[in-house]
Protein chains: 2
Amino acid sequence: MIKRYTYGTPFQTEAVVKNIISENELCPYEQKGDSLIFRFDMEENDIVYGLGEQVRGINKRGWKYISNCNDDPLHQEDKHSLYGAHNFFVLKGKRAVGIFVDFPGKITFDVGFSRLDEIRIIPERTDLDIYVIDGESVSSIIKEFRQLIGRSYIPPLWAFGYGQSRWGYKTADEVRTVAKRYRENNIPIDSIYLDIDYMERYKDFTVDKKAFADFPAFVKEMKEQKIHLVPIIDAGVKIEPGYQVYEEGAANNYFCKDEDGNDFVTAVWPGRTHFPDVLNEKAREWFGDKYKYLMDQGIEGFWNDMNEPAIFYTDVHLKKVFEDIELFKQNDNMDLNDWFAFQDLIKGIPNSEEDYKRFYHNVHGKKVRHDQVHNLYGYYMTRAAGEAFEKYEPDKRILMFSRSSYIGMHRYGGIWTGDNKSWWSHLLLNIQMMPSLNMCGILYTGADIGGFGSDTTEDLVKRWLAFGVFTPLMRNHSAQGTREQELYQFIGTEGMKKLIEARYRLLPYLYSEYMKAALEDELYFRPLSFDYPDDEMAVRSEDQLMVGESVMIAPVYTQNAKGRNVYLPEDMKMITLGEGEELDGTVLEKGWHYIDVPMDSIVFFLRPDHILPLSTGGENVEEVDFENLQVVSYVKTDAVYQYYHDDGCGKDYQNPENYRLIRA
Amino acid sequence: MIKRYTYGTPFQTEAVVKNIISENELCPYEQKGDSLIFRFDMEENDIVYGLGEQVRGINKRGWKYISNCNDDPLHQEDKHSLYGAHNFFVLKGKRAVGIFVDFPGKITFDVGFSRLDEIRIIPERTDLDIYVIDGESVSSIIKEFRQLIGRSYIPPLWAFGYGQSRWGYKTADEVRTVAKRYRENNIPIDSIYLDIDYMERYKDFTVDKKAFADFPAFVKEMKEQKIHLVPIIDAGVKIEPGYQVYEEGAANNYFCKDEDGNDFVTAVWPGRTHFPDVLNEKAREWFGDKYKYLMDQGIEGFWNDMNEPAIFYTDVHLKKVFEDIELFKQNDNMDLNDWFAFQDLIKGIPNSEEDYKRFYHNVHGKKVRHDQVHNLYGYYMTRAAGEAFEKYEPDKRILMFSRSSYIGMHRYGGIWTGDNKSWWSHLLLNIQMMPSLNMCGILYTGADIGGFGSDTTEDLVKRWLAFGVFTPLMRNHSAQGTREQELYQFIGTEGMKKLIEARYRLLPYLYSEYMKAALEDELYFRPLSFDYPDDEMAVRSEDQLMVGESVMIAPVYTQNAKGRNVYLPEDMKMITLGEGEELDGTVLEKGWHYIDVPMDSIVFFLRPDHILPLSTGGENVEEVDFENLQVVSYVKTDAVYQYYHDDGCGKDYQNPENYRLIRA
């Protein structure tokens with residue numbers, strides 16, 4: 001049962017798709033006091049699930065999370081904000097309650113940080129909707145929430161293939177080399193991502209003509225090799241007279257304005273830029289239309305970046321900094337307070353809260369200061385694209401995922417989890433974040449496999465791939481200046497190939513489960529506790545996941561580990577793909593088991609009376625035979641699997657022919 | 001068997017105490033090529049132990065470590081250097097070999113990073129000694145190495161008590177409040193640490209007369225409460241005419257010089273400072289003598305900080321930065337390269353490699369550029385103190401631990417592991433680092449419990465205490481501006497008290513084991529694999545430790561965990577202290593067990609035919625009865641424990657009366 005409580009005059013975020021009438025009473029969790037705070041008691045064993053893209057474990061208890069979309073590449077466990085704002089959680093105690101705060105500004109969730117025994121929600125302002133969902137179980141509450149926010153985005157089938165990316169591919173020839181080396185090593189691949197260097201001077205909706213001469217021909221050439229090129233689109237539009245996107249935006253007042261009504265200037269990758277006012281309907285339509293420029297050249301997928309929106313600096317801020325530096329400089333004996341103030345001055349330049357108060361949106365003619373709706377920018381940028389795709393290609397799925405997001409955006413695209421690091425702890429974070437994101441409707445998601453920042457190691461790439469084969473978005477991505485991590489860069493390439501092959505063998509199941517989760521508002525990734533709520537040990541699990549209806553995974557995420565402890569909440573059959581393949585593996589009894597996991601193997605567990613349909617693989621998704629399937633099963637009494645498959649590119653999701661039953 | 005190979009003309013670090021004659025041949029691990037590199041092959045299951053204070057696991061394989069003492073407070077897993085330089089490791093494969101590179105400059109240990117199957121040691125210059133130790137086992141190699149480097153430092157007994165610290169205690173009254181609140185809560189405590197604020201304008205060997213009027217009386221007042229005050233000493237000496245330490249150092253050329261022969265100027269906490277030239281024998285003696293100023297006021301322990309040496313900035317560097325900033329400022333349209341260069345410019349100011357090339361030591365009359373002996377500074381600063389203690393108090397132990405260190409310093413003091421964070425991953429790092437440090441002779445050590453930087457949580461403090469009860473140095477320390485983490489700051493103070501009480505119960509065993517480890521060149525903390533080298537599962541263990549001869553620990557280091565999997569390499573008896581005390585607990589069979597670990601409990605495991613002597617506790621070390629002991633045991637056939645105890649303050653270590661046998 002959902003109840004909505006409205007405070008003040010909330011901004012219409014369009015996060016939800018159902019119109020729930022607001023209650024005529026105060027929210028029962030409102031705390032008495034001067035400022036608006038919602039408060040919940042927690043018993044010792046209560047667990048908090050959700051909050052989407054955040055640090056820490058599956059159980060979010062014990063930290064303070066702040067929804068405040070932020071381009072911060074150091075995702076350490078003491079960070080309060082990452083790129084997204086996902087204000088939904090479920091508190092599971094003797095009863096369970098789901099809470100969604102529809103509020104586009106900064107909001108704090110103190111989940112047992114200040115006091116282990118309470119949750120406090122502290123919004124920055126008092127115009128908001130809070131939805132309270134009571135239900136029989138955590139799963140039913142989440143399902144009700146998912147129905148409230150609408151169906152999750154569905155990408156094309158090829159986007160479930162493996163993708164290679166790196167910030168630093170500067171020319172068509174460099175991209176050709178990546179494709180060639182994958183194909184000559186017979187490592188399956190379906191996409192290569194183009195980071196900012198494909199553009200002409202980082203200008204959105206341009207292609208560098210020197211580095212990528214005849215782009216449409218190049219797109220075609222790659223597609224003939226069954227490789228999709230997926231270009232990046234950044235939030236900021238370069239200020240450059242004569243550049244059409246800039247000229248149109250400026251002429252039509254489609255950019256965010258400063259307080260004097262001038263187009264707001266900020267510096268990002270292209271240097272000085274304006275931000276398209278994606279909260280303005282007309283500007284949004286205009287910006288979305290621009291994606292057509294690349295679609296007309298054969299592009300079928302995009303990733304939206306820098307849309308927190310990230311700010312390197314603003315002139316007004318930098319000018320002030322330089323003035324302040326002058327004072328330090330003239331100070332002959334800089335003391336320590338000066339020294340720390342000087343450092344803070346510089347550290348405070350990018351993504352400054354002050355800068356977010358310096359520009360405005362035009363929302364139905366009303367001037368709205370950015371910081372009050374800050375968390376919506378990535379959502380609305382992605383919505384701009386999604387609405388354009390619907391307009392120009394109503395019957396075709398286009399790949400789209402974003403860095404920044406807010407609940408509601410999940411209907412228009414997925415996300416990747418941003419600029420992580422080549423840290424083992426970020427492999428674990430990837431595992432733990434997946435169900436939280438699924439809860440918020442974000443199903444098409446994954447992390448940068450191998451890690452984006454800092455230098456990776458061969459073993460980290462392998463272990464990350466072994467988890468990544470299960471994430472809908474499976475992309476290897478890294479930053480310029482770090483160790484190259486395309487799979488052919490390592491001595492152990494042959495083993496990595498086996499892991500990617502396993503992905504393509506698993507695709508019929510993974511795609512079927514993804515589609516059922518999307519179409520039925522279910523979760524693709526689940527903590528064990530959702531499926532086994534009465535099993536105390538399953539409830540405690542923080543590093544195993546259910547993937548779809550048949551499979552449980554227990555990834556290895558520590559360096560030099562040869563195996564790990566795995567908890568089976570019921571008897572399961574252990575399956576191995578890759579090195580030492582065993583499709584009809586040992587049945588292990590409910591309980592704890594120490595499992596060896598060789599480096600080039602994917603080891604997972606099949607539930608009793610469940611089926612796993614496998615293909616024979618392929619070097620790209622098109623080569624995969626989704627019809628003639630190998631049926632792996634663990635039958636105790638009887639096993640039936642409802643298999644979903646469709647053409648992978650159209651939108652005839654409800655066609656009964658997409659479903660068929662598979663029996664063991 | 002130890003072999004020494006000498007290359008060039010090594011700087012005499014005095015890391016070792018035995019004179020091994022150099023071989024007349026090249027080191028067999030030298031790689032042919034233009035530059036000096038030592039290279040080792042690794043098989044798939046080979047393990048690398050050692051390297052002291054470094055990130056990552058007990059098995060160091062899979063990363064690149066650089067000995068380059070560095071004041072970097074972000075100990076993430078991609079860092080190459082922390083505060084210490086500990087160039088000793090053991091490679092354990094079919095055979096085992098121990099390697100110690102006695103080289104005081106920058107040196108890289110690529111331990112399976114570039115290639116999983118090799119180790120490469122790359123020194124910055126070619127003047128060094130490399131010691132190769134072959135032995136029967138990892139343990140025997142380590143013991144031989146420890147005999148080579150000499151006996152580990154032994155602190156006074158009271159330094160095994162619990163200590164409270166925080167950067168931010170500004171007055172005697174604030175310290176009194178800490179003492180009072182511990183005593184009124186009856187939480188045992190033996191020391192309160194004074195961070196930089198006790199000094200007058202951060203000047204070494206001064207006391208702020210306003211904040212700490214009549215310091216000797218205050219020291220005495222605290223000592224009457226059985227609390228030792230432990231002041232910090234920083235490396236840099238403030239430049240302040242009239243300040244005696246400055247005047248003496250300047251008059252006698254006891255400070256490091258710049259290339260023109262002037263006293264080198266750098267900025268650290270006190271503002272402009274000089275570095276005492278601790279590599280100059282006379283200067284070292286002079287600086288060591290200064291500790292007497294505080295000893296004469298009743299102080300019996302110190303911690304040496306900022307001795308990498310840390311540099312905030314130098315004027316010459318800062319001047320250049322301001323000049324460069326001017327160029328950016330004048331640039332009307334700062335482009336991205338400028339922007340990143342500008343940021344790097346500022347980031348590059350502290351602890352700059354360039355600055356370490358700007359000053360010189362006077363070593364027996366020879367001018368030695370600092371960067372070539374950089375890793376010795378903390379060692380020699382601490383040695384300065386140690387030699388003074390020996391001179392003025394030859395029969396008394398003085399507490400001393402340092403932030404920066406090099407092998408050799410372990411004879412003069414312990415270390416704490418520097419400015420960690422309130423991260424769960426740093427609790428694990430603390431666990432994993434302990435045996436590596438012990439291998440390098442550093443026995444008196446521990447981490448800042450609860451975490452120094454960032455905000456802690458109640459559960460993190462508790463779990464960290466539950467491990468910290470086993471570390472010889474048990475200190476809660478935190479940074480100014482972070483959440484206060486004295487144990488009385490939390491709702492769960494009562495539970496924390498139970499954990500501290502357990503420490504005092506355990507003291508007879510912990511002290512006995514510490515002393516035996518120090519006197520017999522053994523390890524206090526050991527990976528399971530050292531004791532059970534043929535047990536494959538013990539060999540894999542990365543998160544359990546042997547503590548002394550009787551005990552195995554398996555700390556909980558993940559948030560919200562109610563327990564964990566524990567591997568028993570043989571049958572053991574589970575003991576619980578604190579909540580749910582059980583001294584005669586369940587005997588568990590060899591193998592894996594999932595163990596519940598309640599929040600206010602310390603759960604550990606007793607080996608068969610071993611004894612754990614316990615005291616009845618006390619509110620400080622003096623109150624602990626080390627004679628009348630409770631004997632906890634797990635007897636299968638027969639158990640005898642060699643118990644060591646002494647007066648805890650003198651140095652009559654070899655007195656046979658210090659030993660007695662305890663039988664179950």
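Colleague: Over residues 30–110 of chain A, how far apart are the end C-alpha atoms?
Modeller: This is a predicted model. The UniProt record, an unreviewed entry, labels residues 30–110 of chain A "domain: Glycoside hydrolase family 31 N-terminal". That stretch is 0% helix and 38% strand. Its end C-alpha atoms are separated by 14 Å.

Colleague: What radius of gyration does chain A have?
Modeller: Chain A has 664 residues, and a compact globule of that length would have a value near 26 Å. The C-alpha atoms fill a box of roughly 75 × 65 × 55 Å along the principal axes. The radius for chain A agrees with the globule value: 25 Å.

Colleague: How many strands are there in chain A?
Modeller: Chain A has 14 helices. Its strands number 38.

Colleague: What share of the residues in chain A is buried?
Modeller: Chain A exposes about 22400 Å², with 46% of that supplied by carbon and sulfur atoms. Buried means under 20% relative accessible area. Of the 664 residues, the buried share is 68%.

Colleague: Is V547(A) buried or exposed?
Modeller: V547(A) sits in strand 28, residues 545–547 of chain A. Leaving out residues up to four places away in sequence, it touches F470(A), Y509(A), L510(A), Y524(A), F525(A) and I553(A). Its relative accessible area is 0%, so V547(A) is buried.

Colleague: How far apart are the mean positions of the positive and negative charges of chain A?
Modeller: Chain A carries 76 positive and 108 negative charges. Their mean positions are separated by 1 Å.

Note on methods
Residues are numbered from 1 along each chain as its sequence is written. Chains are lettered from A and ligands numbered from 1 in the order in which they are written. This is a predicted model: local features need pLDDT of at least 70, side-chain atom pairs count only at pLDDT 80 or more; totals for chains, interfaces and linings use all residues. Side-chain values use heavy atoms; hydrogens and water are left out. Helices (H or I, at least four residues) and strands (E, at least two) are DSSP runs, numbered from the N terminus. The radius of gyration is taken over C-alpha atoms; the globule rule is 2.2 Å times the number of residues to the power 0.38. Buried means under 20% relative accessible area, exposed over 50%, partly exposed in between (1.4 Å probe, protein chains only). Accessible areas come from the Shrake-Rupley method with a 1.4 Å probe; for residues, only the protein chains shown count as cover. Lys and Arg count as positive and Asp and Glu as negative; His and the chain ends are not counted. The place of a charge is taken as NZ of Lys, CZ of Arg, CG of Asp or CD of Glu. UniProt positions are given in the numbering used here, feature names are shortened, and annotations may be inferred rather than shown by experiment. Contact means heavy atoms within 4.5 Å.
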